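The following briefing concerns a single protein model. It is arranged by topic for use alongside the sequence and the coordinates.

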Amino acid sequence: DYKSKIKPVVSVCSWGSGINNLDVPHAVVVDDATGNIFVADTHNNCVKVFDDSGKIMYKFGDVEGEGKMSWPQGISIYGNNILVSQASSFILNYQLDGKFISRIGKPGKRKLEFNNPRGLTFDHNGDLYICDSYNNRVQILSKKFVFKDLFGRNSL
């Protein structure tokens, strides 16, 4: 039986609001350079960072101000940055250490406007693909976060 041979690599925490707990995590990404595990802890409104053994290292995004998260949905790493999509219809850009850099987009239906963005990924050229969920489309931004293109139902 194959199920008896499968064992978790890391078991990091349980449900709740404490530093060692997760509450409805929506996304996870591993930094290839360090092995650190970044988890979008959606109901706790933050990203929690674990080492490759599952030990909590730090969290970010749950402070007041411009970099405050609101229901993080998706995360992606590119170079030394981590982008986090928000249910509040924009993307937050952080350094890997959690220092806030910038906010990308705003609520709406036009270019660089989002309605509950979720999945994020970068291609080999550094272009960012964003699932703009409630606008039923994918937007493509350059590595400098300039609008390039989109496809899907509510296209411009």
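Two strands are taken to pair if DSSP finds at least two bridges between them. On that basis, strands S7 and S8 form a hairpin with two residues between them. The model discussed here is predicted, and the protein averages a pLDDT of 88.

**Confidence**

- A pLDDT of at least 70 is reached by 87% of the residues.
- Confidence is lowest in strand S1 (residues 14-15), where the mean is 58, and highest in S15, where the mean is 97.

- Strand S7 covers residues 72-78, and six of its seven residues are buried, so the strand is largely enclosed by the rest of the structure.
- S7 is joined by six bridges to strand S8 (residues 81-86), and the two strands run antiparallel.
- Within this pairing, Tyr78 stands opposite Asn81 in S8.
- Gly79, in the turn of the hairpin, has a positive phi of about 65 degrees.

**The sheet S13-S14-S15-S16**

- Four strands make up an open sheet with antiparallel pairing, in the order S13-S14-S15-S16.
- Its edge strands, S13 and strand S16 (147-152), each pair on one side only.
- On average, neighbouring strands of this sheet are turned by 20 degrees against each other, direction ignored.
- Inside the sheet, S14 and S15 run antiparallel and are joined by five bridges.
- Tyr129 has Ile140 in S15 as its bridge partner.

**Val138 in strand S15**

- Val138 lies in strand S15 (residues 137-141).
- Val138 has a relative accessible area of 15%; the cut-off for buried is under 20%, so Val138 is classed as buried.
- Beyond its neighbours within four places in sequence, Val138 is in contact with Tyr129, Ile130, Cys131, Asp149, Leu150 and Phe151.
- The C-alpha atoms of Val138 and Leu120 are separated by 9.6 Å, and these residues are 18 residues apart along the chain.

- Asp127 belongs to the loop between strand S13 (117-122) and strand S14 (128-132).
- With a relative accessibility of 10%, Asp127 counts as buried.
- The side chain of Asp127 makes a polar contact with the side chain of Lys148, at 2.9 Å.
- Not counting residues up to four places away in sequence, Asp127 touches Thr121, Phe122, Ile140, Leu141, Ser142, Lys143 and Lys148.
- Asp127 and Ile140 are 13 residues apart along the chain, and their C-alpha atoms are separated by 6.6 Å.

**Lys48 in strand S5**

- Lys48 is located in strand S5 (residues 46-50).
- Lys48 is buried, its relative accessible area being 1%.
- A polar contact of 3.0 Å links the side chain of Lys48 to the side chain of Asp41.
- Apart from neighbours within four places in sequence, the residues in contact with Lys48 include Gly18, Ile19, Asn21, Leu22, Ile37, Phe38 and Val39.
- Also in contact with Lys48 are Asp41, Ile56, Tyr58 and Lys59.

**Cysteines**

- A search of the whole structure finds zero disulfides.
- Cys46 counts as buried, at 1% relative accessibility.
- Cys131 counts as partly exposed, at 36% relative accessibility.

Definitions and conventions: Residues numbered from 1 in each chain as written. Predicted model: local features only at pLDDT ≥ 70, side-chain atom pairs only at ≥ 80, totals over all residues. Heavy atoms only, no water. Buried < 20%, exposed > 50% of the residue type's maximum accessible area, 1.4 Å probe, protein only. Polar contact = N/O pair within 3.5 Å; in protein donor to acceptor, adjacent residues only side chain to side chain. Contact = heavy atoms within 4.5 Å. Disulfide = S-S within 2.5 Å. pLDDT = per-residue confidence, 0-100. Axes fitted to C-alpha atoms, helices over the stretch in contact; angles between N-to-C directions.
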